[in-house]
Amino acid sequence: MRAAEEAAFREYVSAAMERLRRTAFLYCRDWHTADDLVSTTLVKLYQHWHRAQQASRLDAYVHGILAHAWLDERRRPWRRERVVPELPDLAQPFPAGDGTAILAMLAELPPRRRACLVLRYYCDLSVDQTAEILGISTGTVKSQTARALEALRGPATQLFQE
Amino acid sequence: MRNIIDEAIGASPVSTVDVDGVVAAGRRRTGHRRLATVGAGIGTLAVVGIVAALALTSGLTPTPAPTQAQPAASPDGSAPLRDGETPEQAEQRLVAALTEGLTAALPGVQLSDGPTGQPGVALFVGANPTVYSGDIVLTTAAGEGEVFFESWPGGQPASDSATRGEASVSGSSTAADGSTGAPVESSWIESCADLSDTNAECEEFVGPGGQKVVVVTAGHSEGAQGGAGGSDPGAGPGAEPVDTGQSGEISFHYAYVTWTNARVLMAIASDLKRGEPGPYPGVLLLTGEQLADIAMDPDLTVAS
């Protein structure tokens, strides 16, 4: 990477850092892990910066790296989620006006469903872009998103549909 | 919608993302990847790339190849440097020797750090064991060239935590389905017998200091495993740029020097792509012989 490209990379990172950290936090709900994910994402972005700049939408490209970094991270043995005898009831409506409940309910969603919701409604990516990032069909994105919204039904559904 | 979620998240804590560290890790990974690309057509370096991919995707932790002698470790676990020399002093010595060698071979050349464009030679120091690596852009009236450099004590090129899996490694590979494959071992080309590319030119000799020197000159189409591009003669100071004539073809010289207790690797690459700039400059500014002369300098070794 030449000096001009690295300057552009740093400029992009500076501008996108906060958004990336917050998106990563939505995935994992832990700021230390979120920063690790962002670091991993940025190293990969650096390696592919030349190609990334040619992407039709750089932000979507980067959010794709981040989403996969998180999905990969979850597969690591020390990150695996615990097996419980019974799944928690996902249909509990969160208290109206309590915004933090959204985060708790997001965390209850299965990973790919959570990723669909975050990419679609927090990163403002299209169905097509989300499908491409996650390597699934647009129909699956729609159904996963619909199920996620269903799980977050009640006031949350209204929020996500606004 | 986003505002509501942002409100729920609240204020972010102070970031612990180290952008300089990210850039350093990216630089080192990029350098290794490009070196692997350079060697992809000549044999075991292709294995390096494959193993690296396996290691990175499977979480495999590579271990140094057991077949090569490693120097005794320092108390802190890192490989020893020269007696009485700190890592910083070793770095300064290597930078000075590289600068001297390159400027002697190419009078008037301007040297700059490839990843950052900063003037002069910059080395990245990997830890435990210590590996010094650099990506140096040479600017002359004939054009630009790019040299890769690595120096490390003892045997295998090692990797720090950011690049694990991209240096020479050995170990078991884990397939995507979780099954463990046969042990894989790979190394840089240390002998002409290691070459799988029959089109490559290879010379092997013992240097004046008793060091073993392997010089490879080859070319291959980018992305083509096994390489079929044939070699080119390179270009000396003031020579015309080499046009390999094929889209996406990489030409390179590679010098690998084995001392009793240290290794030095240097490569100069040229990539000509018609219609678009390739990842490498389009000029081979040094011949393989010149590259080897520089790489044989004992001042480029990390250990005694």
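Axes are lines fitted to C-alpha atoms, for helices over the stretch in contact, and angles run from 0 to 180 degrees between N-to-C directions. Helices (H or I, at least four residues) and strands (E, at least two) are DSSP runs, numbered from the N terminus. This is a predicted model, in which local features need pLDDT of at least 70 and side-chain atom pairs count only at pLDDT 80 or more, while totals for chains, interfaces and linings use all residues. Residues are numbered from 1 along each chain as its sequence is written, chains are lettered from A and ligands numbered from 1 in the order in which they are written, and side-chain values use heavy atoms, leaving out hydrogens and water.

**Exercise 1.** Describe how helices H7 and H8 of chain A pack.

*Solution.* 
1. Find H7 at residues 127-134 and H8 at residues 138-151 of chain A.
2. Their axes are 8 Å apart, at an angle of about 100°.
3. H7(A) and H8(A) are therefore roughly perpendicular (under 35 degrees is roughly parallel, over 145 roughly antiparallel, 65 to 115 roughly perpendicular, the rest oblique).
4. In the contact (heavy atoms within 4.5 Å), H7(A) supplies A:Val127, A:Asp128, A:Thr130 and A:Ala131, and H8(A) supplies A:Thr138, A:Val141 and A:Lys142.

**Exercise 2.** Locate the disulfide and say which parts of chain B the pair ties together.

*Solution.* 
1. Searching the whole structure gives one disulfide over all chains (a pair of cysteine sulfur atoms within 2.5 Å).
2. The partners are B:Cys192 and B:Cys202, with sulfur atoms 2.0 Å apart.
3. The link is left-handed, with -85° about the S-S bond.
4. B:Cys192 sits in the loop between strands E6 (180-185) and E7 (201-206) of chain B, and B:Cys202 in E7, so the pair joins parts ten residues apart in sequence.
5. B:Cys192 is partly exposed at 22% relative accessible area, and B:Cys202 is partly exposed at 28% (buried is under 20%, exposed over 50%, partly exposed in between, with a 1.4 Å probe and protein chains only).

**Exercise 3.** Is A:Cys123 buried or exposed?

*Solution.* With a relative accessible area of 3%, A:Cys123 is buried. For practice, look at A:Cys28 too: at 21%, this residue is partly exposed.
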